[in-house]
Amino acid sequence: AGLSAAVEANEAGSSVLVLEKMGFLGGSTLLSGGEMAAPNNWIQEKENIEDSPELFFNDIMNGGGNIANEELVKVLADNALNAAEWLRDDINVTFEDKMLFFGGHSVKRSLVPLNESGVEIITKLQTKCEELGITISKDSKVVELTMTDGRVTGVKTEDGSEYTANKGVVLATGGFASSVEMRNEYN
């Protein structure tokens, strides 16, 4: 999420700094297969699989017991294909010529990155950041957001460094896998 936001902000004309708390990029995406559900994708077209954002929305809602935030699920369902095409066309992620059929989906729609690994996505996002001249600082754990007049205007890192943001701060965090309490609650 952070690298994607960095690329988009840079391409929209902003000067971007990525502060990564770990000594490496990618987080859980590196551990995943990187599969991405996207209705009406190019492989579905080739295989004559009928799908739609509405069907994807219904699958997500049903799979989650109809308790998800419908507005957010709609954003996902309506934009998943654009995101997959952006990864393919702008970031140069290579997708395998196959899809996976995951539980909860009513049709096959999950695109698979090269080598069935999220490494393909992170490597290509990092390459794009480098091409765009985006500065990435690893081992830079943000511990505080600085505020001015009720607006986030910068961050402080664990080593005491302070950074000021002219246009804004994007806070992209991982999941809650490290919290046993939250895993138990949502599992």
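Predicted model: local features only at pLDDT ≥ 70, side-chain atom pairs only at ≥ 80, totals over all residues.
**View 1. Helices α1 and α5 pack against each other.** Helix α1 covers residues 2-11 and helix α5 covers residues 119-132. Their axes lie 10 Å apart and meet at an angle of about 30°. Angles under 35 degrees count as roughly parallel, so α1 and α5 are described that way. The crossing of the two helices is left-handed. On the α1 side, look for Leu-3, Ser-4, Ala-6, Val-7, Asn-10 and Glu-11. Facing them from α5 are Ile-122, Leu-125, Gln-126, Lys-128, Cys-129 and Leu-132. Sorted by class, this contact of α1 with α5 brings together seven nonpolar, three polar and two charged residues.

**View 2. Asn-66 has a positive phi in a loop.** Most residues other than glycine have a negative phi. Asn-66, which is not a glycine, has a phi near 55°.

**View 3. Asp-139 has a positive phi in a loop between two strands.** The strands on either side are β5 (135-137) and β6 (142-148). Here too the residue is not a glycine, and the phi of Asp-139 is near 55°. Is Asp-139 buried or exposed? With a relative accessible area of 60%, Asp-139 is over the 50% cut-off and therefore exposed.

Note on methods
Residues numbered from 1 in each chain as written. Heavy atoms only, no water. Helix = DSSP H or I, 4+ residues; strand = E, 2+ residues; numbered from the N terminus. Buried < 20%, exposed > 50% of the residue type's maximum accessible area, 1.4 Å probe, protein only. Axes fitted to C-alpha atoms, helices over the stretch in contact; angles between N-to-C directions. Parallel < 35°, antiparallel > 145°, perpendicular 65-115°, else oblique. Left-handed = near helix turned anticlockwise from the far one by under 90°. Contact = heavy atoms within 4.5 Å. Nonpolar A, V, L, I, M, F, W, Y, C, P; charged D, E, K, R; others polar.
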